[in-house]
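User: I'm new to reading protein structures. Let's go through this one with some questions and answers.

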Amino acid sequence: MSEEQPERAGGPAGPAESVSSTAPAEPDTAAHAAVSRVAHPGVPARGPAASSSTASSSAPPGAAQVLADGSEPAGPADGDPAAAPPAKATADSGGPANGHAPAPAGREEEPSSVGRLAATVERLRREVRAAQAEAEGRALVELAKGILVERLGCGPAEAARQLTELAGQAGTTPLEFAVDVINQAARDRVSEVTDAFLAAVTGHVAADESAAVRLRAAESGALAAHDTQAVADSLLQHALGPLGAVAVAIWAAGSDGSLTLAGSAGFAPAEAARWHYVPPDVATVARLGLTEHAGQWIGSLAQTGLPTIGRQAHPEGGRVAVPAGTGGRIHGVLEIAWPSFLESQPPQVVRQVEALAELCAHTLQAYPHAQAADREPRVLPDAAELMDLADGLHDPALVLVPVVDAAGRLVDFRIQHVNDHFLDPAGRPRAVVNGALLLEAYPMAAGESDLFQRIERVHATGEPFRARRMSLTALVDEVPLSAVADLSISRHGTCVLLIWRIEDEAARLASLLQHAQRLGRIGGFEENVLTGETTWNGQLYALYGREPSNPPVRLEELGAHAHADDAVPIGRFLRTLLHQLRPASVAFRLQRPDGVTRHVRVVAEPVLDTDGQLVSVRGAYQDISSQHWTEVALAATRDQLAQTEQQSSERNRLTLQLQNAIMPPTRAPLDMAGLQVAVRYRPAEEEQLVGGDWYDAVVLPSRLVLLCVGDVAGHGIEAATSMVVLRNALRGLAVTGAGPGQLLSWLNIVAHHLTGAVTATAVCGLYDPVRRTLRWARAGHLPPVLVRGSGAAALPLLSGMLLGAVPETSYEEAEIELETDDTLLMYTDGLIERRDRSVEESLTQLLRQARAAQPSLEQQLDRLLTHSRSDTDDDTCIVGIRLG
């Protein structure tokens, strides 16, 4: 066979061989070319076959090539770089290679023996692949001939002639027409997928024809394969390779959740050997496909980080892992590898891959994979052996057999057998449940408990399922009856073993009580007064620090094991309990044999007979050591808090006195030469009533009036101390007769050097009652507000840095002439500052409030404080000056 003609015509021997392509050719031309090719490897083949190869080489790159008989050309074998595509001429064909002209005869180098042997082996390998493809195509043609024999009632020769004529009339090859006949007759999953694919690619004839041929060729190769390895080769060559896939792996799922590589194609042999077995619970791409019904379609492996076979060869490539199942049971996973990013595939391609996975499931079911070399072969028991196993269990057990419909889908499980220890949650006898369908006997299994889904999952994957305290619900006369049980579900062969252990309510309550006693450090006892027998539980022995082999301590001996100072309350407890026959309790210090003292409380009650006579005493001990020491600590804390509260109250009282002495909240108006001065001060914190805001209004010896407002950073005693220093320093500096700018410069030196680097803002003014003018300056403070008539405006914003920021600085001065009934407001930022507004907006709000005229200056200041919207919890100080 010529290297440029990878395959012969797809028809069978006889009449079908007369059609080797869409154009007629001599019957023995292909055979003659193959014989001449083997005998003379250096002579190129001639005739129609070579022409067909040349035509196929002109097809656009990436297109799925279809040979004359409809089968795929023989491609590279599992990634073998030595296998060149058949559409191009190769060195052993004797023709031009890669478009280069042949060397002259006189300069042609004689190939070595090794080179000729390698070329011969490669040529024979391609011919074997072509022969395999030809055989698969012939099998499909023979199957179509059989369908025509059955439908037309004719012989094989007539059926072959009809097939050739009908293919010629349809304008297709015999192989493609044979696949169409098979699809029309079978109407199976492959034909449905083919129809859907053809409907999606209408107008692309080459793609239409190759889709049907690929699927049927892959199915034919899988059915003819002797193991899953041959199935993997057939799937990659016929169906997945044309879709762009470069490798495929068929995984067999074990009953323990493991995965075994049953067959692969396109992966290196060393990589396949390394991934021969994947233990249970190892997260891989194939395991994700096993757990998801729709499979996993991964665009790029780099996005997942999951390990898988061939990841190093294609780290950015796409992967598809689809479960291979049939009849409701998953036998393995079909994993497909792409060399680059995998885009979202249309539904037709997804259904095609699912059909191939179902084909793999039939193969895995027909050819069970070999066990690992170090694992013993497992013998799967049949239903009879499983029933014998269930009868040997001491817990209720059911043997379930799957029930499938006509299409092979799992619909229910039949309860094949229940063992002798079977206990129905609804109390029904074994005969009622045995032999019934699971959903008929327990319809609630498909409800919220998901019991049926769990059983279906175990049957499909083989992975066992176990759960504690799962609710089982049965319907009896339309009344749901529930029980709590521990479940175990496992697959054995084709059957499922369901075991449950219904929880005993009395045992559960006893266990609950035991845990409650352990957590509460409680030990119970009972003492028979008539016989003198005393019974303790294990927790009481641990509380007393005694071994269980030692006899319990009777109530009358309680004083010998307690602290001597507790003898009186213990005696009172025993008299109330044993003589007055009333319940009693007492707390005492227990002296344990190991020298440890525990604080214990005992509570007991008498048990009387019908005649009112004392029969026994029962009660409980509780270790209250933690509670006792907590109460001691709380008592000490209460005493400390009371002392701290007293000290804090005294400190606040002294602080309040200091505040009233230095900064009274209100003061009598200063009335001189027609000038009224009023003050309001509101501290920020109630716990520390003294803040950093300060004010002063005093008549100097020069008969000028000193008016100032300041704000020291911070609150509390520290801020108040700095405030007193600055306030008194300004008073002392003011008697020098200097102007307000110079006074602030000196006060800045005091703040920077004499108060521990405190920072503050201030506004200082000197009012001349003769000229009725106000000279003023500011140090980082808000400007005063002048209210005149029905208007209010802030004075110009003079330059001046806050106090204490730098060692020395100067401050700008300004002078304003006041008129009768003018009101000047000097204030701190606590009056207007808000967290959600700027200072300009807050100042606008203050001006709006200040315009409202009030009968007196005192009322105007009170109104400003009342309507203040500040939310910064800062001190607030206002000084108002009004001319009469």
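Analyst: Two strands pair if DSSP finds at least two bridges between them. Helices (H or I, at least four residues) and strands (E, at least two) are DSSP runs, numbered from the N terminus. It's a predicted model, where local features need pLDDT of at least 70 and side-chain atom pairs pLDDT 80 or more, while totals for chains, interfaces and linings use all residues. Residues count from 1 along each chain as its sequence is written, and side-chain values use heavy atoms, without hydrogens or water.

User: How many bridges pair strand 15 with strand 16?
Analyst: Proline 606 has valine 617 of strand 16 as its bridge partner. The two strands run in the antiparallel sense, and their bridges number 9.

User: In what order do the 5 strands of the open sheet come?
Analyst: Strand 12 (residues 522–528) pairs with strand 16 over 7 bridges, antiparallel, and there glycine 523 faces tyrosine 621. Strand 14 joins strand 15 (residues 597–608) through 8 bridges, with alanine 584 opposite alanine 604. The open sheet is antiparallel, and its order is 13-12-16-15-14.

User: Why is one side of strand 13 and of strand 14 left without a neighbour in the sheet?
Analyst: Strand 13 (534–536) and strand 14 (584–591) stand at the edges of the sheet.

User: Is leucine 581 buried, partly exposed or exposed?
Analyst: Leucine 581 sits in the loop between helix 18 and strand 14, and has a positive phi of about 55° although it isn't a glycine. Buried means under 20% relative accessible area, exposed over 50%, and partly exposed in between (1.4 Å probe, protein chains only). At 29% relative accessibility, leucine 581 is therefore partly exposed.

User: And is aspartate 821 buried or exposed?
Analyst: Aspartate 821 lies in the loop between strand 25 (813–817) and strand 26 (823–827). Its phi is positive too, about 70°, though it's not a glycine. Its relative accessibility is 55%, so aspartate 821 counts as exposed.

User: How far apart in space are alanine 321 and glutamate 292, C-alpha to C-alpha?
Analyst: Alanine 321 belongs to strand 5 (residues 319–326) and is buried because its relative accessibility is 0%. Leaving out residues up to four places away in sequence, alanine 321 touches several residues, including Val285, Gly295 and Leu334. Alanine 321 and glutamate 292 are 29 residues apart in sequence, and their C-alpha distance in space is 9.3 Å.

Conventions:
Contact means heavy atoms within 4.5 Å.
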